[in-house]
Amino acid sequence: EAVWLTRDTDLVDELNSNGYNAFSIRSLHGVYYSIRAKRAFVTHSRWDICWWASGGIEVVNLTHGIPYKKYRWSNSAEVDNMGILEYTIKKYITWNFHHAVAPSKVFVSTVAKAERVNEQDVLVTGLPKYDSHYKQGTDEDKNILEYINGKKSIFYFPTWREGQSVWFEGLDLAEMDSFLVKNNINLLIIPHKNSSKDIQGVHENIYITDTNMSFDIILEHVYL
């Protein structure tokens with residue numbers, strides 16, 4: 001039996017109205033199922049469930065990002081900036097998983113290092129964020145292909161951190177665009193979904209894409 005736990009009370013109501021078993025994490029049912037569950041699936045950390053009641057649960061991290069980059073335990077900059085208390089809590093509690101998932105065999109090593117699990121404990125399941133790239137091209141895909149129009153093109157995937165509102169802070173986009181035009185290069189940017197897509201000014205060779213777009217077709221035309 002699958003039980004959904006969340007802090008969002010509106011989501012609890014929505015799930016229950018659609019035939020699922022859902023409870024608030026802070027409710028007695030939430031605590032009960034956290035203690036009694038055999039396995040828990042989280043997207044971020046043990047904070048997604050009643051972490052203090054999850055000692056006997058096998059925890060699978062489904063992750064929520066695309067590991068093109070080093071992250072979590074494989075990101076030395078992030079780890080080195082942790083204090084002793086934060087490091088201890090994440091190592092033994094919140095970032096302590098039994099399994100993690102990967103979109104393909106190519107990413108098993110990357111995920112294992114980042115999630116601090118053995119490679120044999122990384123489950124190659126595919127991920128919606130990857131799998132969606134192989135759907136039929138959208139109207140925006142076609143528009144971008146027309147925009148590329150034989151030029152050299154670069155993809156840029158700026159990440160996002162808590163408290164960061166815009167990905168382009170500190171960048172002189174006008175100067176960057178001037179360089180791109182001069183060298184006949186396009187820059188295609190896919191911002192993080194939590195980042196603003198609004199930039200000031202019109203830039204001839206900078207294209208801000210839809211964060212939900214599929215781009216497998218476009219990758220064939222990208223140089224970097």
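Colleague: Which residues form the nonpolar patch on the surface, and how much accessible area do they have together?
Modeller: In this predicted model, the patch is built from tryptophan side chains, namely Trp 47, Trp 51 and Trp 52. Trp 51 is placed in the loop between β3 (39–42) and β4 (58–61). The accessible area of Trp 47, Trp 51 and Trp 52 together is about 370 Å².

Colleague: Is Trp 51 buried, partly exposed or exposed?
Modeller: A residue counts as buried under 20% relative accessible area and as exposed over 50%, with partly exposed in between. Trp 51 has a relative accessible area of 31%, so the class that applies to Trp 51 is partly exposed.

Colleague: Which residues gather in the patch of negative charge on the surface?
Modeller: One of them, Asp 10, lies in helix α1 (residues 9–17) and is exposed, with a relative accessible area of 59%. Asp 10 belongs to a group of acidic side chains on the surface, and the members of that patch are Asp 8, Asp 10, Asp 13 and Glu 14.

Colleague: Which residue caps the N-terminal end of α1?
Modeller: The helix α1 covers residues 9–17, and the cap is made by a side-chain oxygen that lies 3.0 Å from the backbone nitrogen of Asp 10. After α1 comes Gly 19, with a positive phi near 90°. The residue that supplies the capping oxygen at the N-terminal end is Asp 8.

Colleague: How many residues apart are Arg 39 and Glu 58, the pair that links distant parts of the chain?
Modeller: Arg 39 and Glu 58 form a salt bridge in which the closest N and O atoms are 3.5 Å apart, and the structure holds three salt bridges. Arg 39 counts as partly exposed at 36% relative accessibility, and Glu 58 also counts as partly exposed, at 24%. With Arg 39 in strand β3 and Glu 58 in strand β4, the pair links distant parts of the chain, the separation being 19 residues.

Colleague: Where does Glu 115 lie, and which parts of the sequence does its pair with Arg 72 tie together?
Modeller: The side chains of Glu 115 and Arg 72 meet in a salt bridge, at 3.1 Å from N to O. Because Glu 115 lies in helix α5 (residues 108–115) and Arg 72 in the loop between β4 and α3 (76–80), the pair ties together parts that are 43 residues apart in sequence. Glu 115 is buried, with a relative accessible area of 2%, and Arg 72 is buried at 10%.

Colleague: Which helix holds both Lys 90 and Glu 86?
Modeller: The side chains of Lys 90 and Glu 86 meet in a salt bridge of 2.8 Å, N to O. An α-helix has 3.6 residues a turn, so residues three or four places apart point the same way. Lys 90 counts as buried at 17% relative accessibility, whereas Glu 86 counts as partly exposed at 35%. Lys 90 and Glu 86 are four residues apart, about one turn of the helix, and the helix that holds both is α4 (residues 84–94).

Colleague: What is the phi of Asn 184, a residue that is not a glycine?
Modeller: Most residues other than glycine have a negative phi. Arg 72 has a positive phi, near 50°, and Asn 184 has a positive phi as well. Asn 184 is found in the loop between α8 (173–182) and β8 (185–189) and is partly exposed at 42% relative accessible area, while its phi is about 55°.

Technical notes:
Residues numbered from 1 in each chain as written. Predicted model: local features only at pLDDT ≥ 70, side-chain atom pairs only at ≥ 80, totals over all residues. Heavy atoms only, no water. Patch = residues over 30% accessible without salt bridge, like charges linked within 9 Å, V, L, I, M, F, W, Y side chains within 5 Å. Areas by Shrake-Rupley, 256 points an atom, 1.4 Å probe, with all protein chains shown as cover. Salt bridge = Lys/Arg side-chain N within 4 Å of Asp/Glu carboxyl O. Lys, Arg positive; Asp, Glu negative; His and termini not counted. Charge placed at Lys NZ, Arg CZ, Asp CG, Glu CD. Helix = DSSP H or I, 4+ residues; strand = E, 2+ residues; numbered from the N terminus. Buried < 20%, exposed > 50% of the residue type's maximum accessible area, 1.4 Å probe, protein only. Polar contact = N/O pair within 3.5 Å; in protein donor to acceptor, adjacent residues only side chain to side chain.
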